[in-house]
Amino acid sequence: MGIRTSKKTMVAFLATMAVTAGTLAGCGGSGSASKASGGGDNVITVFDSEPQNPLIPGNTNETGGSRPGSQIFAELVSFDSNGKAQNEVAQSITPNSDSTQYSIKLKPGWKFSDGTPVTAQSFTRAWSYVANVKNVQKCASFFSTIKGYDDLQQKGLNGTEQLSGLKVLDDTTFTVDMSKPDSIFPVKVGYMAFAPLPDSFYKDPKAFGDKPVGNGPYKLAEWSHGQEIRLVRNGYYHGNVKPRNQGITFRIYTKVDAAYADVQGGNLDVMDTVPPADTKSFMSDPTVVAYNKPGSIIQMFSIPSNLEHFKSGTEEGTLRRQAVSMSIDRKSIVTKVLNGTGTQPVDFTSPKTPGFSENLKGKENLVYNPSKAKELWEKADAISKDVDPFAISYNADGGNKPIYDAIVNSIKNTLGIKVSADPVPTFQEFRNLVDKRQIKGGFRSGWTPDYPSAEDYLFQCYDSEAGHGNGANDGDYSNSRFDELMTQAYAAPSTDAANVIYGQAQEILLNDLPAIPLYYDNAHGVAMKGVKGFQMDWQNQSVYSELHK
Amino acid sequence: MGKYLLRRILQMIPVVLGTTLLVYALVFALPGDPVKAMFGDKPINQAVAAQIRAEYNLDKPFIIQYLLFLKNALTLNFGNTFAGQPVIDEIARAFPVTIKLGLMAFVFEALFGVVFGIISGLKKGKWYDAVILIVSLLLISVPTFVTGFLMQYFIGVKWHLLPVTAGNDPGFLDLLMPAMVLGSVSMAYIIRLSRSEISSNISEDYVRTARAKGMTNRSVIVRHVLRNSMIPVITYLGQDLGALMGGAMISETIFNIHGIGFLTYQSILKGESNMVVSIVTLLTLIFVVCNLVVDMLYAVLDPRIRYA
Amino acid sequence: MSDKNHQDDDMTDFAMNETSRSSVTSGTGTVLPGQERYVASLDETPLHEVDSMDESAPASNMWTDAWRTLRRNPLFIVAGVLIVFIVFVALFPGVFTHQNPNYCQLEHSLEKGGPGHPFGYDTQGCDVFTRTVYGTRTSLSVGLLTTLLVVIVGTLIGGLAGFFGGWIDAVLSRFTDIFMAIPMLLGAIVVLQMFRTSSSIWKIVLVLTLFGWTQTARIARSSVLETKNLEFNTASTALGSTPLRNLVRHILPNSVASIIVVGTTSLGSYIVSEATLSFLGIGLPSTTVSWGGDISNAQAILRTDPSVLFYPSAALAITVLAFIMMGDAVKDALDPKSRTA
């Protein structure tokens, strides 16, 4: 029996250590801008996991693919490390008065790494391809505000149909008609799914996914599956990014711990994450250079809006939600369990989001306050009793156990009620339960932004249009005042004006608590001693172009 | 013997079929929906999800899916992974590494396990017998991942004696530490097994007889005691070889080895039925062949066991 | 076993009588003076009946013999005391600590040991001593029950296959092959989802047994194969014993030694496997305290706070050790061949 079990134990134990679906990030992101110039004659090796999809921009929706992908492709705008949008391929993006039509002018002279020019059509064809359901691209929904999107979601398409809202005027100009106002569009287009594609793509998309050709600061030299993805400088690129190295090699790791050991042992230059086992020591580890600053990912758990005794919009439900939120000692969890790789939240977006405010009304609901929590819970009990034991589900294959054990203990100790953590073995089962609305209690939710805008966090997760399977509002939260503000923000004359409205919308969330914010994931990672220019961008990814030796 | 061999080879067919069916059924029964997981925490585009399901036959009833898999497998087409890679390519990439690692671990555990087991068994009660026993007990009762992490930290990171991780296209030295971690538990079992077999065989009548006939102690031990004691040890090793080929999940992850074990694990979590069934089929073949070889070895080692 | 030896003894006795008698008779005629042999008269030394037995002595069998040997074995005494203690802790954890193992406060996270908390605290701020004490029951039950079931199922299937041979062996062995090939993770997730709401340890025992019996089966089969062809078995058949009686009376007792070795050593690995399953979220809920669960939780802080991992691991190691020693002692006692050693 012995060996048999031990070997099988091994099979089972993987979860402990694997680089798993913990945080499946949003669809990529564009290269980061930097003012620095010059370059080294050196190649930097960085951490990555095997991309889960072929490297096609519209089909890349997780970090394994977006790390290299973001370096191979350049979009209309790029974001600096604080998430501020700057024109990249675009010369100008001009909205009409109510943000229902955009006129886009490209800078001249852009070329793909195969030497073919980047034209207006390179964008419109690529966008239509991704939006067309026949082509099975996971990022299709990002084009949903463009006119003609719904026509491309029907059965019986052949895959070449174009979005009717896109009109090419000449080689460097095209217009975009929106089906409804979208003031965020000029930011959205910096997302990787909006990258242009060369003509060679359409001949054989499958082969392209294995050896993509883009217009970004780097081009693919070689992809040895399961081993490494080698990028070299793209000579045709002349955008915002000024690489300070000759190339980046993405090493494929199956486990972050192994990568960390490699950084310590001088085998790997940079990784933009730290294994849980090393979070306690990496800041003071003399063998590495550490980075740890508040980042853009927010971790929460949602409470379904129709959960008995927690119904949103009812007095009892709101009291209980606030009581639960105030009974979680986030400060201790961040310092003791996350060892400082997280930051206590004050809102529903992140400190890296443009328009972020630390002073929203209701942020005290996210602060540990045991006496107030108890008081609110008792008030709720006065309205209705016999509350079932509260359970919070999470997927067990993403290293979430210590965090959820701590949350549950904190609620239990503060409120003196029965609370349990309810792990679901695999991410796919967890997502299925969430999607089918079968979880009777809280459930883990996290949001990795696709592009730096409060809209990405708020509309997708809390607008009633995004509920009931049409978005990521998995708790089916619905508040008409909130929805109204979202619509207003879309029609706002500028992104700054929109951000003010998003602040007001968040104050509603801070009272209603459709989800309980837990912490912001810090952008944290390590570099080998001697590697210079190690910093991380608004997406919690390393700024690859800045790295040099 | 020839007839027996033929029969055993024919028997492999139902085993392989039975295993694929069972495993396919298990993957089918896995709770959840792999396609939904592909969208991460992001909204699921139901139209795109439906297309993906159709592409991978996930929308068809179980038995149809299985038969389609079998049909394609006969033409050596094992399908694609959800990432669009041919299953066969991924296996072909992972398997050589696993074989290398597995064989090294096998040699390690067989060599040290048997040698220490013999020393221990022949010198029962001596101090080194006690040391060997205690070490083997520790190896059994401390989980492998603990042993692995400690070895990696001290031998690799702190003392720089061996490479920290194996990485791409690993060589002998890269795999040495992982192989030791991988083989350690089995080595402990083999030590115990050989020790107990030897100490019980050494007081058998035939040993007394051989000694009485004037055989030297050395040839008594080599020709009689060892030969008889090795039967259960070989059974053990035979199965272990099969298990080792199944991949060394822990060693592979700790030392970043892209082998079969990790591939299997990931595929199970992601619900990649084609991948899981293909790997398991391959492993079943290996198991069955190992077992056959072990059974053949019995007959060689112990003439009393005969196959008709 | 006992039968076999008995028989052997009879045979040798008989042979010796023959030779001595013949030498005596053949020698009488040629005795030289001074070389006469003294033969006591029958009055002085009465002739005993051949094969006489002391009927007043209590009946002896394999088990009573084994027990007699065991009592004198220090290994058995040490192992026995340890096991009794471990079982006591498992039954009455409250005697050793008055704290609630599930009351954890983050403010104590990873504090070192102090009065009342000799082992310190884990990441969650739970008292490690209390959790180690309370974990005994879960871990021990999982280990023992699984071992028991695995040995029963494995021995039954392996024993039958080895004993009957032929098509029964073929079918059972191939059945074993199929089960060996299934990755436990896969099977465990599927089986355990049927019992997701249950917090009983039986679901864990079931899964571990389901995917654990194959090893024992193969060991049992090879052991039975080996024993089946031994002389005493042939002799027993010659004496009219039925095959089934042979299996139960002779073959199984002779195969039991190697099964015990495997059983007792794998006990520990079952306890560890339980940890794995809990960690994957398909095992016991985290409110059920177990060593395995605590070990897997502590694995993440192995390098910075090894002591949190140390205590449950040590408890596990001591338990495994106790059972292995017990297994060795019992095996020695059941196996007369190795008694001399």
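## Conventions and model

Helices (H or I, at least four residues) and strands (E, at least two) are taken here as DSSP runs, numbered from the N terminus. Residues are numbered from 1 along each chain as its sequence is written, while chains are lettered from A and ligands numbered from 1 in the order in which they are written. The model is predicted, and local features therefore need pLDDT of at least 70, side-chain atom pairs count only at pLDDT 80 or more, and totals for chains, interfaces and linings use all residues.

## Two residues with positive phi

A:Asp476 lies in the loop between helix H13 (454-462) and helix H14 (480-490) of chain A, and its phi is near 55°, a positive value in a residue other than glycine. With 17 C-beta neighbours inside 10 Å, A:Asp476 counts as partly exposed, a class that falls between buried (20 or more other C-beta atoms within 10 Å of the residue's own) and exposed (12 or fewer), with C-beta atoms placed from the backbone.

In chain B, Asn57 is found in the loop between helix H3 (46-55) and helix H4 (62-74). Phi of B:Asn57 is near 60°, again a positive value in a residue other than glycine, and B:Asn57 is partly exposed, with 17 other C-beta atoms within 10 Å.

## A four-stranded sheet in chain A

Chain A holds an open sheet of four strands in the order S4-S5-S7-S6, with antiparallel pairing, where two strands pair if DSSP finds at least two bridges between them. Strand S4 (90-95) and strand S6 (166-170) of chain A stand at the edges, each with a single partner strand, so one side of each is left without a neighbour in the sheet. Neighbouring strands of this sheet are turned by 20° against each other on average, direction ignored.

S4(A) and strand S5 (residues 101-106) of chain A run antiparallel and are joined by five bridges; the bridge partner of A:Ser92 in S5(A) is A:Lys105. Helix H3 (residues 120-131) of chain A packs on the sheet, touching S5, S6 and strand S7 (173-177) of chain A, and its direction makes about 170° with that of S6(A). Such angles run from 0 to 180 degrees between N-to-C directions, the axes being lines fitted to C-alpha atoms, for helices over the stretch in contact.

## The contact between the chains

The contact takes 61 residues from chain A and 53 residues from chain B, two residues being in contact if their C-beta atoms, placed from the backbone, lie within 7 Å. H1(A) gives the most to the side of chain A that touches chain B, with eleven residues.
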